[in-house]
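Subject: Structure handover

Dear colleague,

Here is the structure you were expecting. My notes on it follow directly below.

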Amino acid sequence: MKFPTTVSAKASYSLPEGIVGLKGPIQKPAPGTLPLRGDLAHVALAHRFLAAHYVIPLLRVVGDQDVTLKLNSRDDAENGAEIPAGSEVEVLDREGDWLWITCGPEGPSGYVRTSALKPDSDA
């Protein structure tokens, strides 16, 4: 999967402008909430959270069945939020057959198998 350098549709949130920096300690959000990991974060969170890299998401659509997000990229991982079939989601990362997705910069976020989303041409 090749990720674009721009958001594939008009974003409903603003991207950070100017110099991004943190002004003090922050409380780490609970797993499965904000699209934030130690190594990667949604680009819209750059003004609030420090990450090694920020991602411009790729828009995709959940397939014909509801999906339950996993908190890690394993079948036996703890379940997170449920996303209804046909919902638009943002893909942030790929690990083999797993995608790290979110419903937007405020979450929820988690992992699904690639087969849970409609193919790119059906989006």
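S73 counts as partly exposed because its relative accessibility is 22%; by the cut-offs used here, buried means under 20% relative accessible area, exposed over 50%, and partly exposed in between, with a 1.4 Å probe and protein chains only. S73 sits in the loop between β4 and β5 (79–83). Leaving out residues up to four places away in sequence, S73 touches E95, W98 and Y111, where contact means heavy atoms within 4.5 Å. From C-alpha to C-alpha, S73 and W98 are 6.1 Å apart, although 25 residues separate them in sequence.

The model is predicted: local features need pLDDT of at least 70 and side-chain atom pairs count only at pLDDT 80 or more, while totals for chains, interfaces and linings use all residues. Residues are numbered from 1 along each chain as its sequence is written, and side-chain values use heavy atoms, with hydrogens and water left out.

Overall make-up

The protein has zero helices and eight strands. Helices (H or I, at least four residues) and strands (E, at least two) are DSSP runs numbered from the N terminus. The pattern along the sequence is therefore written β-β-β-β-β-β-β-β. Of the 123 residues in the protein, 40% are buried. Among contacts between residues at least 6 apart in sequence, 55% join residues at least 24 apart.

Strand pairing

Two strands are taken to pair if DSSP finds at least two bridges between them. Strand β3 (residues 58–61) runs antiparallel to β6, and four bridges join the two. β6 and β7 form a hairpin with two residues between them, and G96 in the turn has a positive phi of about 65°.

Next comes the pairing of β7 with β8. Strand β7 (residues 98–102) and β8 are antiparallel and are joined by five bridges; L99 has V112 in β8 as its bridge partner. The hairpin of β7 and β8 has six residues between the strands, and G104 takes a positive phi near 150° there.

How many residues of strand β8 are buried? Four of the five (residues 109–113) are, so the strand is largely enclosed by the rest of the structure. S109 lies in β8 and counts as buried because its relative accessibility is 5%. Not counting residues up to four places away in sequence, S109 touches G32, T33, L34, P35, L69, W100, I101 and T102.

The largest nonpolar core has 12 residues: L58, V62, V67, L69, I83, V89, V91, L99, I101, V112, A116 and L117. β4 (67–70), β6 (88–95) and β7 each supply at least two residues of this core. A nonpolar core here is a set of buried Ala, Val, Leu, Ile, Met, Phe, Trp, Tyr and Cys residues joined through side-chain atoms within 4.5 Å.

Two further positions

H42 is in strand β1 (residues 40–42). With a relative accessible area of 0%, H42 is buried. Neighbours within four places in sequence aside, H42 is in contact with Y13, P35, Y54, V55, P57, E90, L92, T102, G104 and P105.

P119 is in the segment after β8 and is partly exposed, with a relative accessible area of 44%. The C-alpha atoms of P119 and V62 are separated by 9.4 Å, and the two residues are 57 apart along the chain.

The largest pocket

About 220 Å³ of space lies in the largest pocket. The pocket search used a 1 Å grid over the protein atoms alone: a pocket is an open set of points where a 1.4 Å probe fits, with protein on both sides within 12 Å along at least five of seven lines, and lining residues have an atom within 4 Å of a point. The lining of the largest pocket has 16 residues, and P31, G32, L36, R37 and L71 lie nearest its centre. β8 gives the most to this lining, with three residues.

Regards

Notes. Grid points are joined across faces, edges and corners, and a volume is the space filled by probe spheres set on the points.
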